[in-house]
Amino acid sequence: MTSGLVDSQAKEIWRDLMAPVNYFFKNPVAQKLREETRVEDWSEVILNILKWRDIEVPDPVRLRVRACSDLDQLKAWSERAIHVTEATDLFDDDGV
């Protein structure tokens with residue numbers, strides 16, 4: 001794409017302008033935003049599984065699931081959501 005450019009400095013500027021921008025994704029703010037989004041996604045997955053299974057979700061359960069920021073815990077709850085008969089059973093093995 002730089003073949004039409006004669007000046008070597010112009011070619012270098014063109015290459016710099018056309019280079020992909022990757023710095024945003026390495027930014028700590030972007031990483032934190034992605035992490036928060038994953039947590040929100042897992043929280044909604046858990047609540048949706050219960051909803052799809054016609055299991056009533058009391059407000060305290062909904063609040064606890066949405067307040068959790070531990071991805072491993074959310075993944076464990078999502079697996080439990082497939083098998084529980086009551087929403088409160090999500091928390092049975094948490095030691096709380």
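**Surface patch, core and salt bridge**

W14 is partly exposed, at a relative accessible area of 37% (buried means under 20%, exposed over 50% and partly exposed in between, with a 1.4 Å probe and protein chains only). The structure is a predicted model, in which local features need pLDDT of at least 70 and side-chain atom pairs pLDDT 80 or more, whereas totals for chains, interfaces and linings use all residues. Residues are numbered from 1 along each chain as its sequence is written, and side-chain values rest on heavy atoms, with hydrogens and water left out.

W14 belongs to helix α1, which covers residues 8-18 (helices are DSSP runs of H or I with at least four residues, numbered from the N terminus). Together with I13, L17 and M18, W14 forms a nonpolar patch on the surface (residues with over 30% relative accessible area and no salt bridge, nonpolar side chains being joined within 5 Å). The accessible area of these four residues together is about 430 Å², by the Shrake-Rupley method with a 1.4 Å probe.

The largest nonpolar core comprises 18 residues (buried Ala, Val, Leu, Ile, Met, Phe, Trp, Tyr and Cys joined through side-chain atoms within 4.5 Å). Those with the most contacts inside this core are I46, L50, V61, V65, L74, W77 and L90. Helices α3, α4 and α5 (71-81) each supply at least two of its residues, and α3 gives the most, with five. Nonpolar side chains tend to be buried together in soluble globular proteins. Beyond its neighbours within four places in sequence, I46 is in contact (heavy atoms within 4.5 Å) with V65, L74, W77, S78, A81 and L90. In α5, the buried residues are L71, L74, W77, S78, R80 and A81.

S43 is located in helix α3 and is buried, at 2% relative accessibility. With neighbours within four places in sequence set aside, S43 is in contact with V65, R66, C68 and L74.

One salt bridge is found in a search of the whole structure (a side-chain nitrogen of Lys or Arg within 4 Å of a carboxyl oxygen of Asp or Glu). The side chains of R66 and E44 form this bridge, with an N to O distance of 3.0 Å. Because R66 lies in α4 (residues 59-67) and E44 in α3 (residues 28-52), the pair ties together parts that are 22 residues apart in sequence. Both partners are partly exposed: R66 has a relative accessible area of 45%, and E44 has one of 32%.

Note on methods
Patch = residues over 30% accessible without salt bridge, like charges linked within 9 Å, V, L, I, M, F, W, Y side chains within 5 Å.
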